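Colleague: Could you take a close look at one spot for me, then walk me out to where the two chains meet?

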Amino acid sequence: MADKIFRVNMTDLTTSVEEVPADWAGHGGRGLTSTIVAAEVPPTCHPLGPNNKLVFAPGLLSGTAAANSGRLSCGAKSPLTGTIKEANAGGTSAQLLAKAGCKALIIEGQPKDDNWYSLHITPGNITLNKEEEVVGKGNFDVVETLTERLGKPMGIITIGPAGEMKMAAANVSVKDPDGKIRSCGRGGLGAVMGSKRVKFISVDSMDGKVEIADPDKFREANKTFAKALVDHPVSQALGTYGTNVLVNIINESGGLPTRNFSSGQFEGHEEISGETMHDLIKERGGRVKHNCHKGCVIQCSQVFNDAKKKYKTSGFEYESIWALGADCAVDNLDHIAEADHLLDDIGIDSIETAVAIGVAMEAGVLEFGDGEGLVRILREEVAKGTPLGRIIGAGAATVGRAYGVTRVPVVKNQAIPAYDPRAIKGIGITYATSTQGADHTMGYTIATNVLGVGGSVDPLSKEGQVELSRNLQIATAAIDSTGMCLFIAFAALDDTTCLPALIDLINARFGISLTGDDVVSLGKYILKTEHDFNTAAGFTKEDDRLPEFFSLEPVAPHNVVWDFEGEEIDTFWDF
Amino acid sequence: MKITVKLFAFFRQDRFKEEERRYPDTTTVTDVIQGLGIAVDEVGVTMINSRHCALDSSLKAGDVLAIFPVIGGG
């Protein structure tokens, strides 16, 4: 299928399939969503109003046989941060959209009535239908009901109750190969989808295929690329312990935020660690390895069963476990798994929501360590949209304001994840300067600050952190455009065959001749496009700062504070 | 001298999570690793008292040494 732009106008309820403008042809994934949002969304618009647009784009390599290429990007102006936003997830939809010839799906406008709608995409075609049956349902029920109704396996992109209620932390949820949920998690894009009154999008690629300009070169490059991924020791550890292998090493480094960022180590770290989780999964007949999309050779996901050996959750990530665990001082992995399952079903960001609950714990809404209370709040308050549930669902900053808390770990209103910036300073630069609010994935300095991947930069020193974060943010923006999982970066940082093979894949797919320099230029272009959008939306360099408490409160065990001056942070943009 | 040694991920298999162990006064990080039968090239990160350290760092009495294989996530 030739690539097209699929467009839906929810104001007049029309659809169209358009040629790809020349300026967009070389883009995919985050590069394309950010290009389209920057081109078509007024930066000062209300994120939940008719002028915002929700954009989906598979990556440049999605839908091909390239290993790990099944990430789906979703972009808009964020209702949480007010900045431009891209969040990506695995699942089956990126590959199916690409096979259906959908280079991007743009949802614009807003219905004048209170009806809910669904979209259905097939090769070269998109239809809009009224929806009643699955409105109000949780994500697992939506996927089950639709799989039965549609009669064959399809891609499903949906919002849960959080998105319907336009909570600022709501996910866009994506069906995975097992009918479970992966999440475009950060920045409340589910609320934007809810504001468009679109409950779900189904994708049937039928016999559509992605055209490859040079199949032999593509096959050869993919072999080299997949080998680099499989051979890297980080990939092997990810397949065994998942990302949760990080709990113990981040705790040991003194950078594991605990009890709403009041300490850098958690006494219950061993109980919630990747090692403990691995043993429990085996004991309960779960799956240690699991892929979130077809073609993943790393398989960092897993299937975690409860004590009765029944499915409880999958894609049980370090950042979610940290947020529900150490940040809320909960040391019971079953309570954390129950919460993770509920968050998937409600369709709300596991980082934002759990950090918000950590702030609520500090305010005395419930005790630190109360795992059962945390689960109850998700089930009885957030899922049902009670006043407390809506305050938590609006994110950590809103909870802080509602309860008068000063220790509120957010940048541009988005919750800081899993790594304390006082003890791991490079990631603080990423949190401060990211175009999308605090987000570790934007420039994962943990690799070099803590894990010894891609060299080594002392986490407690200021030296080299701005440059490290800048280089990683540029590279990440480019990788996020390919449809590749970010975990290819570990191999790319250490194995010299990995990145050239990735560039060969893109060249063979499109019959072009990109170089390494072109990829760096692409990354810079994306960051600057996003930054320009934010500037036009009213953001200044004064917004590129961490909350004051990081400068005032030393964090144990290293007893260090955040000590970067504003002018030092601002040098990030010198490129 | 007494050193607390912590092991992580698959380094724990057939060994231990955490142990207080006795070593001669001039012991280095590499000595401890080799003494445990761990291949040095499998080691990703070592920390003494929660600070990253080089493999040839010397240990002193009471130190806590953490030894990790090459791991990642995020």
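Which backbone nitrogen lies 2.7 Å from a polar atom of the side chain of A:Asn507?

Modeller: That's the backbone nitrogen of A:Leu514, 2.7 Å from the Asn507 side chain in chain A. Bear in mind that this is a predicted model, with local features needing pLDDT of at least 70 and side-chain atom pairs 80 or more, while totals for chains, interfaces and linings use all residues. Residues count from 1 along each chain as written, chains are lettered from A and ligands numbered from 1 in written order, and side-chain values use heavy atoms, without hydrogens or water.

A:Asn507 sits in helix H20 of chain A, residues 498-510 (a DSSP run of H or I, at least four residues). A:Asn507 is buried, at 5% relative accessible area (buried means under 20%, 1.4 Å probe, protein chains only). Beyond its neighbours within four places in sequence, A:Asn507 is in contact with A:Lys217, A:Ile512, A:Ser513 and A:Leu514 (heavy atoms within 4.5 Å).

Now for the interface. Here 21 residues of chain B are in contact with 30 of chain A. Four salt bridges are counted between the two chains (Lys or Arg side-chain nitrogen within 4 Å of an Asp or Glu carboxyl oxygen). One of them joins the side chains of A:Glu270 and B:Arg12, at 2.6 Å, N to O. On the chain B side, strands E3 (43-48), E4 (51-52) and E5 (64-69) each supply at least two of the residues touching chain A (strands are DSSP E runs of at least two). The largest share, three residues, comes from E5(B).

Conventions
Buried < 20%, exposed > 50% of the residue type's maximum accessible area, 1.4 Å probe, protein only. Polar contact = N/O pair within 3.5 Å; in protein donor to acceptor, adjacent residues only side chain to side chain.
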